[in-house]
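Student: Hi, I have a structure open and would like to talk it through. Could you take a look with me?

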Amino acid sequence: MEELDVEPPLTLIPGVDSNRKQMCFAWGPGEMLVYETLFPKEHAEKRPGCPNIFIVRKDQDVYSQTLRKLFNESHGIFIGLQRSEEELAGKSRKAQLVRVSKNYRSVIRACMEEMHQLAISTRDPELHCQHSTQVSILSAMELIWNLCEILFVEVAPAGHLLLHLLDWVRLHVCDVDSMVREVLSCEYPSKHKDFWNAVDIFVLQGRMDDARHLLSKEASANPTSMGMCKILDDLMKKMPILTIGNTQTLTEMELKWQHWHEECQRYLQDGTFASNPHMESICKILLGDENAILEKKELMTTWYHFLVTRLVYSHPTVKPVELRFYAQSSMDLFLGGESSPEPLDSILMAAFEFEIHQVIKECSIALSNWWFVAHLTDLLDHCKLLQSHNLYFGSNMREFLLLEYASGLFSHHSLWQLGVDYFDHCPEYGKVYLELHIERIPLNTEQKALKVLRICEQRQMHEQVRSICKIMAMKAVRNNRLGSALSWSIRAKDAAFATLISDRFLKDYCERGSFSDLDLIDNLGPSMLLSDRLTFLGKYREFHRLYGEKRFSEAAKLLLMLMTARIAPCSFWMTLLIDALPLLEQKEVIFSAEQTYELMRCLEDLTAGKTDNQKFQVDDFEITKVEILRLALARNLARAIVKEGTLEGS
């Protein structure tokens, strides 16, 4: 989406009375709150020249350069999803929705990585703090979205569900790769202080091949533990895993799991690993021993990592409906009453409990903007998961959140264009919201006004079209740009304003003796019929054009028509009669006797004050013009009579 114009100008507020202690403002069209304070606020946005005035923005995130990329990129994904709603069905539709979900996540991750780079590169402590906070928020957003994708969009069945949850943990919870690189870079990896931590993390994340690779370093470096390493390696290798695309049933999987579990139990009871506490601990983890897993609490860092590890080694064929029980008990065991759940914990727990509406509610409260809940809710709505949930005022949850998000976009000088498309896809209240918000857009340039106008015209928003055109016409009049003002008034179909501007054109002509904006007047076309005065302006300009082309007869007929048909305003009759003088003085007779009589009658009506009951304002200059006109008309009448008599006689 292109940027519009430039950053809007700042409006500085003059000094405030020192006796005044407060100023209170509600949220306005610019989504800003202005307040006075006696003490500088640490994070307030301070404007030059206003030492005690601070500005707070409601949707501050739309002003972040990086997050604006999130809004722009996700807009395209959103529009694509709306357009393809009816194109696919069944498995194809599900695959498409999963693909859309992954696209949203990729945009979140790209913004998160860019924000992380900004946090690293900046030397400003305050900016570093802001960027780091935003990275944490984006990371939490992707974590929640990914879990919702697994549970609600992909709807992974038992067996495959755990594979997806393992990928989720590996991606979001603990990055062991940097630790492993450090361990492997030393001469004797098995002697490194983090060697067994790295092995443990691989096991806790179900990454058996990686764990076995590290374990081989211990076997090669320590011959006394080679036998134990071989047995543990064999157990890891034999661990049954239900891979995607595998045709074995859950029953077969559970039988294999039971046999493998019993084998692990035998080795532990036989004391095979008794001489090596690290390997013994790993064997207990393989058996799903909760205490052994909890001993690695610091390596897992989160209760949901503990949950997935616990399921991997105790209930690998867990069904979606069983998740809530394991999730709650895992959180209780992991936190152990030492700390209360954070907002993120509550959101994830609601997801594991398949409380979709609670997830959306909690996210709305916890996150800093409406982007996340609006797009996630829209996706879930396309998955047919929110159809039964309407809000008390008639709209559904999807539309309510999209309306809130789009409203926030309208507070930005260019992102409002994205908001238009979101309103378009809110069938119940979208057009009403768009009408209200479009009127608040500051029309500070003609380019911007044309874009807003085009949006309104495409949506048959006739009142807004007229309003925009009137506003721009008034601005043009104040700047003495009559051509632009006339163009806007014609576009608004405002006859009264077109008449007013036409009068200004005629007044300028009388003062300067020439027309400005000739191209516009020459190309009025059918638009000149909007008002009588505009019709006169167009025809009068046509008279001048005919005269300039020396088409005197046509010019004379048109001039006479303007007067006899009462199209010309009375105040302009004298000007028209003066314009007739050069035609009356031509060597060739232009006006016929009958036409000359008509001109004489017009002049007499004007001097007698009979037109519209207005008296002609008489002064010496006007008397002189009238006498000249009478003389010219009399001479032309004589010439016309002679010419016409001669023609009849011949």
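**Talking through the model**

Tutor: Happy to. Let's start at Lys384, which sits in the loop between α17 (371–382) and α18 (397–409).

Student: What is the phi of Lys384?

Tutor: Phi there is near 65°, a positive value in a residue other than glycine. Most residues other than glycine have a negative phi.

Student: And is Lys384 buried or exposed?

Tutor: Lys384 counts as exposed because its relative accessibility is 55%, and the cut-off for exposed is over 50%.

Student: Which loop holds Lys550?

Tutor: Lys550 is in the loop between α26 (532–548) and α27 (552–564). Lys550 is not a glycine, yet its phi is positive, about 60°. With a relative accessible area of 65%, Lys550 is exposed.

Student: New topic. What is the mean pLDDT of the chain?

Tutor: This is a predicted model, and the mean pLDDT of the protein chain is 80, with 81% of its residues reaching 70 or more.

Student: Which elements have the lowest and the highest mean pLDDT?

Tutor: The lowest is strand β2 (residues 45–46), with a mean of 49, and the highest is helix α15 (residues 343–352), with 94.

Student: Where does pLDDT stay under 50?

Tutor: Residues 1–11 are one such stretch, and the model gives them 25 contacts beyond four places in sequence. Over residues 13–18 the pLDDT is also below 50, and that stretch has seven contacts beyond near neighbours in sequence. Where pLDDT is low, the predicted coordinates should not be read in detail.

Student: Okay, on to the core. How many residues does the largest nonpolar core have?

Tutor: The largest nonpolar core has 186 residues, and those with the most contacts inside it include Trp168, Trp303, Phe352 and Ile438. Helix α3 (residues 125–153) gives the most to this core, contributing 13 residues.

Student: What does Ile438 touch, leaving out residues up to four places away in sequence?

Tutor: Ile438 touches Phe410, Trp416, Val452, Ile455, Cys456, Met461 and Gln464.

Student: Last one, helix packing. How do the axes of α8 and α10 cross?

Tutor: The axes of helix α8 (residues 226–238) and helix α10 (residues 277–286) come within 11 Å and cross at roughly 20°. Therefore α8 and α10 are roughly parallel to each other, and their crossing is left-handed.

Student: Which residues meet there?

Tutor: From α8 there are Met228, Cys229, Leu232, Leu235 and Met236, which meet Met279, Ile282 and Leu286 in α10. Leu286 is also among the residues with the most contacts inside the largest nonpolar core.

Methods: Residues numbered from 1 in each chain as written. Predicted model: local features only at pLDDT ≥ 70, side-chain atom pairs only at ≥ 80, totals over all residues. Heavy atoms only, no water. Core = buried A, V, L, I, M, F, W, Y, C linked by side-chain atoms within 4.5 Å. Buried < 20%, exposed > 50% of the residue type's maximum accessible area, 1.4 Å probe, protein only. Helix = DSSP H or I, 4+ residues; strand = E, 2+ residues; numbered from the N terminus. Contact = heavy atoms within 4.5 Å. pLDDT = per-residue confidence, 0-100. Axes fitted to C-alpha atoms, helices over the stretch in contact; angles between N-to-C directions. Parallel < 35°, antiparallel > 145°, perpendicular 65-115°, else oblique. Left-handed = near helix turned anticlockwise from the far one by under 90°.
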